[in-house]
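Visitor: Hi, I'm new to this one. Could you walk me through it?

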Amino acid sequence: GQKGTFQSVTTEVVDVNSSSNAYMLGGKTRQAVQVNLPAGTKKWYYRITVLDIKSSYSYQNNEAFPYLLQNNKSMAKYAPTSYGIDFFILGHSGDVASFSKTGNDNFSHYKDYARYKTNSFIGSCSLIQDNLWLGIKNPNSGQGLKAIVEVVAWGYYE
């Protein structure tokens with residue numbers, strides 16, 4: 001049989017300001033990252049790394065999520081801050097629009113995957129559909145955060 005392979009989908013760094021900073025300086029407390037899965041995907045993985053907003057940290061090539069998965073390496077999480085983010089998987093552009101409005105909690109998401117006030121983490125998902133976003137929200141009133149969002153798909157690709 002055909003052997004499945006990993007394919008990098010996205011690596012994005014997002015800033016999520018504290019609510020006080022967003023209010024004063026017009027920053028965003030929430031960011032949505034689109035997940036465009038390639039045809040043939042059976043499952044996908046994500047690693048969210050939570051950093052202080054002033055951090056300029058990035059992983060070395062041999063620490064990047066796709067590399068670790070492809071080479072079956074151990075999955076160390078880097079968590080330099082004690083603050084956490086709220087995490088959601090959204091399945092509709094309307095939910096992204098609602099989620100993106102600071103203060104609005106009236107949006108639909110896949111409840112099985114939601115995490116609250118969570119530091120750096122790794123997860124996997126078997127939802128395969130055209131419209132998927134990862135929602136990152138900063139629930140902290142005074143601490144600005146940054147998140148490295150990495151998504152890697154696994155499946156049978158041409």
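Guide: Helices (H or I, at least four residues) and strands (E, at least two) are DSSP runs, numbered from the N terminus. Counted that way, the protein has three helices and eight strands. This is a predicted model, in which local features need pLDDT of at least 70 and side-chain atom pairs count only at pLDDT 80 or more, while totals for chains, interfaces and linings use all residues. Residues are numbered from 1 along each chain as its sequence is written, and side-chain values use heavy atoms, with hydrogens and water left out.

Visitor: In what pattern do they follow along the sequence?

Guide: Along the sequence the pattern is β-α-β-β-α-β-α-β-β-β-β.

Visitor: Which strands form the open sheet?

Guide: Four strands form it, in the order β1-β8-β3-β6, with antiparallel pairing; two strands pair if DSSP finds at least two bridges between them. β1 (5-16) and β6 (121-125) are at the edges with a single partner strand each, so one side of each has no neighbour in the sheet.

Visitor: And how many bridges join β3 to β8?

Guide: Eleven bridges join β3 (residues 41-52) to β8 (residues 145-155), and the two run antiparallel. Leu51, for instance, has Lys146 in β8 as its bridge partner.

Visitor: Changing topic, what share of the residues is buried?

Guide: Buried residues, meaning those under 20% relative accessible area with a 1.4 Å probe and protein chains only, make up 45% of the 158 residues.

Visitor: What box do the C-alpha atoms fill?

Guide: Taken along the principal axes, the C-alpha atoms of the protein fill a box of roughly 55 × 35 × 20 Å.

How values were computed
Buried means under 20% relative accessible area, exposed over 50%, partly exposed in between (1.4 Å probe, protein chains only).
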